[in-house]
Amino acid sequence: MKIMTCPINGPRAISEFAYGGELRPMPDPAAATDADWADYVFNRSGVAGVKQEWWCHTPSGVWFVAERDTRTDAILRTFLYQPSRG
Amino acid sequence: MFTRHERLKSTYDVVIIGGGGHGLAAAYYLARDHGVRNIAVLEQGYIGGGNTGRNTTIIRSNYLTPEGVQFYDESLRLWQDLSADFDLNLFYSTRGHYTLAHTDAAMRTMRWRAEVNKHYGIASEAIDCQQVQKAIPMLDITCGGHAPVLGALYHAPGAIARHDAVAWGYGRGADRRGVEIHQNTEALALELEERDSGPAICGVVTNRGRIATRKVLCAVAGYTPRLLAMVNLRSPIYIHPLQAMVSEPVKSWLDPIIVSGSLHVYISQSARGELVMGASLDPYELHSTRSTLDFAESLSAHMLELFPFLSDVKVMRQWAGMADMTPDFAPIMGKTPVRGFYLDAGWGTWGFKATPVCGKTMSYTVANDAVHPMIQGFGFERFANFALTGEKGAASVGH
């Protein structure tokens, strides 16, 4: 069983977690052009590599950020979201 | 089966990256129907070793959007003469295809699909649970009591075929017409030149040397984002693994193909007696073909809800492929903002059945530098235009 570490609840089975997609900055909806907005809504950086992603520990509802290598599935670290750390 | 070429030529009219079913079919129809024979197919591994050899070989056309229904129906029609075309037995076997509905909402989608399908002349109908039980006597229609089957979408032309043979058939047909197939040849970079009209393809760098070409067709499934990055294009494609498994061979008992969206299961029995089984996508992005115990466990649990008598049957092997998913569950095909760079991608979990028609339409698109009318609903630009082709309701299982 693969284990992920929730920053609040500690190491748990991966089946307790839900994936929320890559952490991406949202452009200002009022100022963005249609093309920029479409890029934000649809496009993804689909290339393999180390990414920061939203994950949720579903039994407790804790959302946090995981840094994970999408080639090897190695979870490098997990932490609570802080806007300053991006 | 294929001519071995010691070295790459310095120039080709068309370079096809990806020696799976789609790439080889495009090469075959380019050579056969469009008179383009100076073609190299580059395959980083071996022929048909990617998603062509990793899917569960289901062929059907009971989709949801008019674009999808017409496109897949043309593919189904092409499949039926393919064995004769190739002089190679594809073991194409028409079985009938049942998509089970366990909820009222699912029944509504089945009726919707049936009406769209019938409008385009496709054999497809919503049936009730008595008809399902009659057609599949081994099915526990109550699913152990907690997810009773209310009815199904029945699609009589649903079929299976031997996937390796599809790649071999197209490959051999292309090879005989002068197409060069280069295995163990990886595209490392794509070379662009700036023209007044924007960037254009001028070459491909491989691990066996550089090739000059004005046309590149990219048909690489799970590797698509890497290829797009080489030409500085962003796309909505994201990669999740899709796993599958087979049981030990057992006496033939299951003729039709059974799918349950709610239970995340699809199952058919091969000519060898193995049960070929699949489920939904892995739940997060991963560029790997590893298998997991979670998958085998959850798929087996759902399988036993439908067919409890299988509890003693052993799983023989499992595997995975890298599915290139799109937000609307329709492919991305045709031209791109880079001149001479053609895309046959976004085939996610539904690409095998489309192999012949993709070859036909992409060969037309590449030969004429004009998008084939049948794939206009699948263009790269549809996302920027907020004009999606919503096909999720016809995906085999809920993703």
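Helices (H or I, at least four residues) and strands (E, at least two) are DSSP runs, numbered from the N terminus. With that in hand, you can read chain A from its N terminus as β-β-β-α-β-β-β, which comes to 1 helix and 6 strands. What you see is a predicted model: local features need pLDDT of at least 70, side-chain atom pairs count only at pLDDT 80 or more, and totals for chains, interfaces and linings use all residues. Residues are numbered from 1 along each chain as its sequence is written, while chains are lettered from A and ligands numbered from 1 in the order in which they are written.

**Confidence**
- The model scores ipTM 0.93 and pTM 0.95.
- Chain B has a mean pLDDT of 95, and 99% of its residues reach 70 or more; pLDDT is the predictor's confidence in each residue, from 0 to 100.

**Chain A on its own**
- Along the principal axes, the C-alpha atoms of chain A fill a box of roughly 45 × 25 × 20 Å.
- Of the 86 residues in chain A, 14% are buried (20 or more other C-beta atoms lie within 10 Å of the residue's own; exposed means 12 or fewer, partly exposed is in between, and C-beta atoms are placed from the backbone).
- Take the contacts in chain A between residues at least 6 apart in sequence: 45% of them join residues at least 24 apart. Two residues are in contact if their C-beta atoms, placed from the backbone, lie within 7 Å.

**Where the chains meet**
- The contact uses 14 residues from chain A and 20 residues from chain B.
- Helix α1 (residues 34–42) of chain A gives the largest share of chain A's side, 4 residues.
- Sorted by class, that side of chain A has 6 nonpolar, 4 polar and 4 charged residues (Ala, Val, Leu, Ile, Met, Phe, Trp, Tyr, Cys and Pro count as nonpolar, Asp, Glu, Lys and Arg as charged, and the others, Gly among them, as polar).

**Chain B as a whole**
- Chain B contains 9 helices and 20 strands.
- Its radius of gyration is 21 Å, close to the 21 Å that the globule rule gives for 399 residues, so chain B is as compact as a globular protein of that length. The radius is taken over C-alpha atoms, and the rule is 2.2 Å times the number of residues to the power 0.38.
- Buried residues account for 54% of the 399 in chain B.

**Two domains in chain B**
- The assignment gives domain 1 (14–56 + 164–237 + 327–394) and domain 2 (94–157 + 238–325); such bounds come from an automatic or database domain assignment.
- Each domain puts 17 residues into the contact between them.
- On the domain 1 side, these are 6 nonpolar, 10 polar and 1 charged residues.
- Taken over C-alpha atoms, the two domain centres are 29 Å apart.

**Details to find in chain B**
- Strands β11 (residues 198–206) and β12 (residues 209–212) of chain B pair in the antiparallel sense over 4 bridges; strands pair if DSSP finds at least two bridges between them.
- A hairpin of 2 residues joins β11(B) to β12(B), and V204(B) stands opposite I211(B) in β12(B).
- N184(B) is not a glycine, yet its phi is positive, near 55 degrees. N184(B) sits in the loop between β9 (180–182) and β10 (187–195) of chain B, and counts as exposed because it has 11 C-beta neighbours inside 10 Å.
- A221(B), also not a glycine, has a positive phi of about 45 degrees. Its place is the loop between β13 (216–218) and α7 (224–230) of chain B, and with 26 C-beta neighbours inside 10 Å, A221(B) counts as buried.
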